[in-house]
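Dear colleague,

Please keep it open while you read.

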Amino acid sequence: GREYEFGDTEWQALNPRGFSYGKGGAVMRGEDSTSGYMGSAQSDDFLNRYSTASAAEDKAEVWAANMTEMKLVEASSTLKRKRDLLRKRAATLEPAMGLVDWEALRRMQ
């Protein structure tokens, strides 16, 4: 929900000191069509430049990689911590998510 978008100090603490998100995904998509390319971020703390648009986009990119290509998240200790926080929150919202065999999912990717 929105409580995880604005004022999410737990998430913000995972980012580099002094980092601030941009103006949102819609603005970034309009400015640069390459922002979603993996590795386009200037820091290992983000999957791509699009992730720096907002906390919501950062979370969405990390979750998508977690579900489809975990090795992208495993390249950075910060991304792993972000992934772990999202997994914990998902299990809080839906207890069945706490039963997911993440290693089995990773092997299938």
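This is a predicted model: local features need pLDDT of at least 70, side-chain atom pairs count only at pLDDT 80 or more; totals for chains, interfaces and linings use all residues.

Which residue does Asp 84 meet in a salt bridge? The side chain of Asp 84 pairs with that of Arg 83, at 2.9 Å from N to O, a salt bridge being a side-chain nitrogen of Lys or Arg within 4 Å of a carboxyl oxygen of Asp or Glu. Salt bridges that share partners also join Asp 8, Glu 10, Lys 59, Lys 88 and Arg 89 into one network.

Residues are numbered from 1 along each chain as its sequence is written, and side-chain values use heavy atoms, with hydrogens and water left out.

Arg 83 also forms a salt bridge with Glu 74, whose closest N and O atoms lie 3.7 Å apart. Arg 83 counts as buried at 11% relative accessibility, whereas Glu 74 is partly exposed at 23%; buried means under 20% relative accessible area, exposed over 50% and partly exposed in between, with a 1.4 Å probe and protein chains only.

The protein chain has six helices and zero strands, these being DSSP runs (H or I, at least four residues, for helices; E, at least two, for strands) numbered from the N terminus. Please treat helix α2 (residues 25–31) with care, as confidence is lowest there, at a mean of 60, while helix α5 (residues 77–93) has the highest, at 96.

Best wishes

Definitions and conventions:
pLDDT is the predictor's confidence in each residue, from 0 to 100.
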